[in-house]
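Thanks for making time this morning. I would like to walk you through one chain of a model, going from its overall build to a few places where its elements meet.

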Amino acid sequence: MNATPLLDAPPLAAPVAPAPARATSPAARRVRAVLRTPSLLVAWVVVLVVVGWALAPGLFTDVSPLTGDASASFLPPSAEHLFGTDRLGRDMFARTVHGTSTTLSATLIAVLVAFTVGALLGLAAGYLGGLVDTAVMRVVDVFLAIPSLLLAMVVVTMLGYSTQNIALAVGISSIASFARVMRSEVMRVARSDYVEAAHGLGVRRSGVVWTHVLPNSLGPVLALAALEVGTAVLAVASLGFLGYGAPPPTPEWGLLVAEGRDYVAVHPWISILPGLLVAALVLSTHRISTWLRRRAEEVA
Amino acid sequence: MTTTAVPTAGPREAVVAAPAEPDADADAAPLLRTAGLRVAYRTPHGEHLAVDGVDVHVAAGELVSVVGESGSGKTTLVQGALGLLPRTARVEGSIALSGVDVTRWSERRLARVRGSYVGYIPQDPGTSLNPVKRIGTQVLEAVVLNQRPDPGSSRAERRDAAVEALRVAGLRDPERVSEQYPHELSGGMKQRCLIAIALAGRPRVIVADEPTSALDVTVQRVILDHLERLRTDLGLGVLLVTHDLGVALDRSDRVVVMQHGRVVEHGGVGDVLSRPRDAYTRRLLAAAPTRHSPRLRATVVGPVTAPAPAPPPDPGVPPLLEAVDVTKTFQVGHGRARREIRALDGVSLAVVPGRTHAIVGESGAGKSTLARLLSGVGAPDRGHVRVGGVDLADLDARARRDVRRDLQFVYQNPYTSLDPRFTVERIVAEPLRAFRVGTRAQQRDRVVDLLEQVALDPAHLARRPGQLSGGQRQRVAIARALALEPRTIVLDEAVSALDVSVQAQILQVLVDLQERLGLGYVFITHDLGVVRQVADDVTVMKDGRVVEAATVDALFDDPREVYTRLLLDAIPGGAR
C-alpha cells in the first residue's frame, strides 16, 4: 500500500555521513558495511527509533497519551498530530510512542524465554542424543503441530489476561523452533574434528560443551532470535488486538489497531498508522536477521 | 531439452563457424593458447592478481601439465581457458582456440564451444555428478547438447551414443553403468563417467583439473593411463592440471611450473628434470617424495647426541602401543538391508619408542578405524589394544583419561581439527588446562616453548585458525599434541592435505621432534613416497587385513606380496 508514512522516521538517517575516519577496527568495519547497504541502514534506523520510543517516550512527544481534547476528535494526520487523533481527541502519535514500551518489553521477554528454554533443550537433545533426544523432540513435534497463535491463546487463557502473560505465552509457543535449530547445529558441531580432538585431549564433557559446542552452535540460533523478534511483535500485537492483553486505555499497539477498527472506512489513520509501524518493525528485524545469518555463515 | 538447439538469428552464424573454420589451418595454430593472460579478482581489499602473464599452449596429440601448489593460479588458468571465470574477474591478454581469439566472446558463444571443442574433467568425482539422475541420462545430456544428433534420431540411437561414450571412457560394462546412480559407483568409475561426459561432445582439447587427486594411487594410475591413451589414439590435446610433480613428470610431454600466478619454468620433461632452471622448481623436485627418497634425518641434534640412524627395534624395550589380533565390525543399514562390515580383521602391530610405524593402504583398508582404536576411541570387538603394556579394556574412564596423556592424535584436516573461535594460545593450552598443569603464567611459557618446537613464531599466539595457512594450522595441532609430553603420537594422514613444500617442512619438524624427545609415531598415510621418507616399520593393509609388515627397507627393496608391489609401482614419479 502507501508505504510513505512508515518511512517518515528514517529521514533521521539521511544526514548520517559516510564513515569519516579510515578506522580499521572490526567494529568500525562493521559500521561501514551497514552504511553501505541502504536497506540495512533503514532497518537499523527503524529499530533504533522504536527502541528509543520504548526507553524514553517523553523525548519524542510531550503530549499525554491518555487525556485528549474532545473537540479535536478524528483529526487526520497533520504537522501538529503526526498520526491524527482518535474518537476522544487523543493524539495517536503520543499513544503509539507510549505504547511501544509495553509491546516491545513483552516481545523481548517472549524471545528471551523461547531462546533460553529452546536453546537448552536443543543442546541437551543434540549432545546427549538417545532417549533424551527422542523424548525432547517428540514433545517439540507436538508443540509444532499446534498453530502457535492458538497455543498462545490457550496459555494466556490459563494464566489470566495481562501483558506479562502474553509475553510468556508467545515465548512458550516458539520454544519448539529454537529447540529444532539448536539441535541440528549442536549435532553438526558435536561431530566435528575439533570436538573429538578436545575429548581426545582429556577435556571433560562439560568443558567441551561450554567451550566448544555451545559457542560454535549459537550463530544460527541468534539469527533466528532476531527473526523471532519480528514474529513475536506480530503475535503480541495480535493478542492485544483480540483483547487478551492490557485493558484500555493503556496504549498498546495491538489495542490501538483494535480501537480504530470501527472507523476504518471513515478515519483509516487510527488503525493503519500503528499497523504500518508494526509491519515496518517486523520487516526491519527480518532484514537484520538475514544480515546476522550471513555473518554467522562467513565466520563458519 | 532440444530447445537449446533452436538457433537465434544473427551472431550464431559466427559461433558455428568459429570452431569449424580453423580446421583449415589447424596445423599452424595450437588447439589452445593463452598469451600474456592476466586475471585479476576484485575484492573488498583491492585487486588480487591470480594469473599474471601466462603463456601456455597445447597442440594436437600433446599432453601438457601445469604444476603448482595451492594459490599458484592453476585453477584460475583453467577457468580462464574454459571461459568460466566469475564476474569479479578482470581478464587481459588473450585466449585462442585453434587460433581464434575467444577472449571477448559472450557467455552464449563460449557455451557452444565448451564441450564440443574444449572438454572439461573436474576435480572431485564425488561431487561433480548429479546424485539423483542415472549415469546414462547425464551422459545423454552431454551427447544431445554437443553432438546435435538428427532431430529424427530415435531414443535408442541416442542411448547407444551415450553407452558408446562410456565405453570409450574405459568402463568395462557401460550398459549396466548407464542404468546406475552415482552412489552405486566407486570413485574411479565416477571419474570415468565424467571423462565420458567430457568426451561426449567429441572435443579436440581436454582440460583436466586435478582429475585424480581424490583417488587411490592404483586407480589414479589407471585413469592417467587412459588419458594418455586418448591423447595417442584420438590425437586429443590434453591440459593436465596437478599439484603432484611426480604425476606431471611421468605423464606429460611438456611441464609448466607455476608460482604466484606466474610461469617460473616451462619445458620438456627431460629438461625440467635434469636441468631445472628455477629455484622454485628445484625446491619442488626436492620436496616431492618418491619411491627412492632417502629417510629424513633430524636437523637439530638433541641434548643426547645420538648417531643419526634410527635405533633398531630392541626386543627388551616393551612397545609403547600395541594392537593384538584386533577385530572390529560395524552394523550398517536398517531392517532387511542391515549388514555387517568387517572394518578390521585380526590386525596386530607394535610401536616402539623412537621409531615410526607407518600404516599404508587405499581407502577402505581400515586405516582410520585402526587409528581410532589405537588412540582409545571406541573398543575392538575382539583382541586387545595395549598402551605401555596395559590393556585399555581393563581401565575405567578415569584411568583411560590418564592414559591419554601419553597418547596423542593429530588429524588429517587442520581446517576442521581446530576450534575456529579459539586463539592459537588457547588451542595449545587446552590440554594443559584440562589436566591443570601449572599456573596460567607457566602455561603461557609452555605454549611459547611448544610453538618454538614446531618452528612457529610466538607472534601467532593471538591469532585464530582462520588467519593461519594450512601448514601453520597443522603445526599448531602438533604443538597441541605435544603439550602433555606424550610418548606416542598417532598421525592420521597428517600431511596429506598440505602442499608438498609445506608437507616437507612438517615432516622435518616431526623427525626433529622424534630425535629430541624419543617419540613413537603411528603414521597413517596412503602416500608410499612419504613412508619412505619418515617410516622405520611399515604395515600394509587391504580390506581390514594386514597384507604385509616389514621394515621400510625390506618392504621397498623386496616386497613379498603382489598387492604391495602393485602399490609401489603405482607411486607417481617413477620417471625420475
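Before I count anything, a word on terms: helices here are DSSP runs of H or I with at least four residues, and strands are runs of E with at least two, numbered from the N terminus. Counted in that way, the secondary structure of chain B comes to 20 helices and 20 strands, and please keep in mind throughout that this is a predicted model.

Let me begin with the chain as a whole. For 576 residues, a compact globule would have a radius of gyration near 25 Å, and chain B, at 27 Å, agrees with that. The C-alpha trace of chain B spans about 80 × 55 × 45 Å along its principal axes, and 44% of the 576 residues are buried. If we take the contacts in chain B with a separation of 6 or more, 70% of them are between residues 24 or more positions apart.

Now to the sheet. In what order do the 6 strands of the open sheet in chain B lie? The order is β6-β7-β8-β3-β9-β10, and the pairing is mixed. Because β6 (118–121) and β10 (262–268) of chain B each have a single partner strand, they stand at the edges, and one side of each is left without a neighbour in the sheet. From one strand to the next, the twist averages 15°. Helix α2 of chain B, residues 74–82, packs on this sheet, where it touches β3, β6, β7, β8 and β9 of chain B, and its direction makes about 150° with that of β7(B).

Next, consider helix α14 of chain B, residues 424–434, which is mostly covered, with 8 of its 11 residues buried. Among those buried residues are Ile427(B), Glu430(B) and Leu432(B). What covers them includes α8 and α9 of chain A, together with α15 and α16 of chain B. After α14(B) comes Arg436(B), whose phi is positive, near 50°.

I will finish with a helix pair. The axes of α11(B), residues 279–287, and α17(B), residues 500–517, come within 9 Å and cross at roughly 55°, which means that α11(B) is oblique to α17(B). The crossing is left-handed, and the residues that meet there are Arg283(B), Leu284(B) and Ala287(B) from α11(B), and Val500(B), Ser501(B) and Ala504(B) from α17(B).

Key:
Residues numbered from 1 in each chain as written. Chains lettered and ligands numbered in written order. Predicted model: local features only at pLDDT ≥ 70, side-chain atom pairs only at ≥ 80, totals over all residues. Pairing = 2+ DSSP bridges. Axes fitted to C-alpha atoms, helices over the stretch in contact; angles between N-to-C directions. Contact = placed C-beta atoms within 7 Å. Rg over C-alpha atoms; globule rule 2.2 N^0.38 Å. Buried ≥ 20, exposed ≤ 12 C-beta atoms within 10 Å, placed from the backbone. Parallel < 35°, antiparallel > 145°, perpendicular 65-115°, else oblique. Left-handed = near helix turned anticlockwise from the far one by under 90°.
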